[in-house]
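This briefing goes through one protein structure, topic by topic. Keep the sequence and the 3D view open while reading.

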Amino acid sequence: MTIRVIIVDDQAMVRAGFAALLAAQSDIDVVGEAPDGVRGVELSRRTHPDVVLMDVRMPEMDGLDAARRLLAPPPGGGGSTTHAVQAVGEHRPRVLMLTTFDVDDYVYEALRAGASGFLLKDAPPADLIAAVRVVASGDALLAPSVTRRLIADFARQRPAARGKPGLRLKALTERETEVLTLMARGRSNAEIAETLVLAEQTVKTHVSRVLTKLDLRDRAQAVVFAYESGLVAPGE
């Protein structure tokens with residue numbers, strides 16, 4: 001399956017470089033470029049890409065606002081956002097944030113909005129290609145330790161939300177809570193399986209149930225939720 005990608009960045013050289021790199025891959029098709037968030041949103045809605053590479057800082061509309069517009073659930077959808085989107089036929093791409101700095105509150109907010117992860121602009125070319133494939137497959141890009149540190153830093157600055165997030169945790173079984181805790185600490189499915197002495201497929205099932213019960217899109221949102229609900233404390 002060919003992965004359809006658009007690149008949204010205000011620097012023409014960055015767009016050209018990323019486009020050339022990705023277009024050279026047999027399984028990736030760059031279907032458009034945009035210089036700011038406004039045109040990026042318009043382009044996405046017109047071309048229906050699988051993945052949007054979104055710069056954080058741009059004129060007109062920054063990457064955070066653009067990500068919110070692309071990933072917001074449809075009005076009055078209710079229930080699972082995935083089911084609601086399917087019901088109205090609205091396309092929602094995976095968004096991979098691009099940033100120059102490894103600590104940026106925009107990135108944290110973008111993860112809360114539903115972005116599937118972020119990548120530093122100076123990452124090796126192989127990392128960019130791999131990131132597009134990971135995000136397109138439906139997973140979240142949480143492998144770099146900097147991502148977990150960023151979430152932990154901002155969770156530390158903002159007190160854990162009480163009430164509703166905590167109540168949502170009660171929907172999870174004890175095992176699902178353990179799995180979410182390990183996800184928030186950056187463990188892969190294989191590492192969770194080893195820690196809990198479970199089959200990796202069983203862990204995948206638990207992860208899927210956690211996302212469904214908490215109405216979260218992917219692991220990125222699960223990590224943010226775990227910190228904000230107080231299930232995991234920064235520095236643990």
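T181 has its place in helix α9. With a relative accessibility of 14%, T181 counts as buried, because buried means under 20%. Leaving aside neighbours within four places in sequence, T181 is in contact with L231 and V232.

**Confidence**

- The protein has an average pLDDT of 81, and 77% of the residues score at least 70.
- Over residues 76-89 the pLDDT is below 50. Beyond near neighbours in sequence, this stretch has twelve contacts in the model.
- Where pLDDT is low, the predicted coordinates should not be read in detail.

**The sheet**

- Five strands make up an open sheet, in the order β2-β1-β3-β4-β5, and the pairing is parallel.
- The edge strands are β2 (28-34) and β5 (118-120), each of which pairs on one side only.
- On average, neighbouring strands of this sheet are turned by 25° against each other, direction ignored.
- Strands of a sheet pair through backbone hydrogen bonds, either parallel or antiparallel.
- β3 and β4 pair in the parallel sense over five bridges. Opposite L96 in β4 stands L53.
- β4 and β5 pair in the parallel sense over three bridges. M97 has F118 in β5 as its bridge partner.

**Strand β4**

- How many of the six residues of β4 are buried? Six of the six are, so β4 is largely enclosed by the rest of the structure.
- In a regular strand the side chains alternate between the two faces of the sheet.
- In β4, R94, L96 and L98 point one way, while V95, M97 and T99 point the other way; all are buried.

**Helices against the sheet**

- Helix α2 (residues 37-47) lies across β1 (3-8), β2 and β3 (51-55). Its direction is at about 165° to β1.
- Helix α3 (residues 63-71) packs on the sheet and touches β3 and β4. The direction of α3 makes about 155° with that of β3.
- L128 lies in helix α6 (residues 125-136). At 3% relative accessibility, L128 counts as buried, because the cut-off for buried is under 20%.
- Not counting residues up to four places away in sequence, L128 touches F18, L21, L22, L53 and L119.
- L128 and L22 are 106 residues apart along the chain, and their C-alpha atoms are separated by 8.4 Å.

**Nonpolar cores**

- Which residues touch the most other members of the largest nonpolar core? Of its 22 residues, they are L180, I192 and L214.
- The elements that give two or more residues to this core are α9 (174-184), α10 (189-196), α11 (200-213) and α12 (219-228).
- L214 is in contact with R168, L169, L172, L180 and F225, leaving aside its neighbours within four places in sequence.
- A second, separate core has 20 residues, including I6, V8, L64 and F118.
- The buried residues of α9 are E176, V179, L180, T181, L182, M183 and A184.

**Loops and positive phi values**

- R92 is found in the loop between α4 (81-88) and β4 (94-99). At 15% relative accessibility, R92 counts as buried.
- A polar atom of the R92 side chain lies 2.4 Å from the backbone oxygen of L71.
- Most residues other than glycine have a negative phi, and most peptide bonds are trans.
- H48 is not a glycine, although its phi is positive, at about 50°. H48 is found in the loop between α2 and β3.
- V197 is a residue other than glycine with a positive phi, near 55°. V197 lies in the loop between α10 and α11. With a relative accessible area of 69%, V197 is exposed, because exposed means over 50%.
- G186, which follows α9, has a positive phi near 85°.

Conventions: Residues numbered from 1 in each chain as written. Predicted model: local features only at pLDDT ≥ 70, side-chain atom pairs only at ≥ 80, totals over all residues. Heavy atoms only, no water. Helix = DSSP H or I, 4+ residues; strand = E, 2+ residues; numbered from the N terminus. Buried < 20%, exposed > 50% of the residue type's maximum accessible area, 1.4 Å probe, protein only. Polar contact = N/O pair within 3.5 Å; in protein donor to acceptor, adjacent residues only side chain to side chain. Core = buried A, V, L, I, M, F, W, Y, C linked by side-chain atoms within 4.5 Å. Contact = heavy atoms within 4.5 Å. Pairing = 2+ DSSP bridges. Axes fitted to C-alpha atoms, helices over the stretch in contact; angles between N-to-C directions. pLDDT = per-residue confidence, 0-100.
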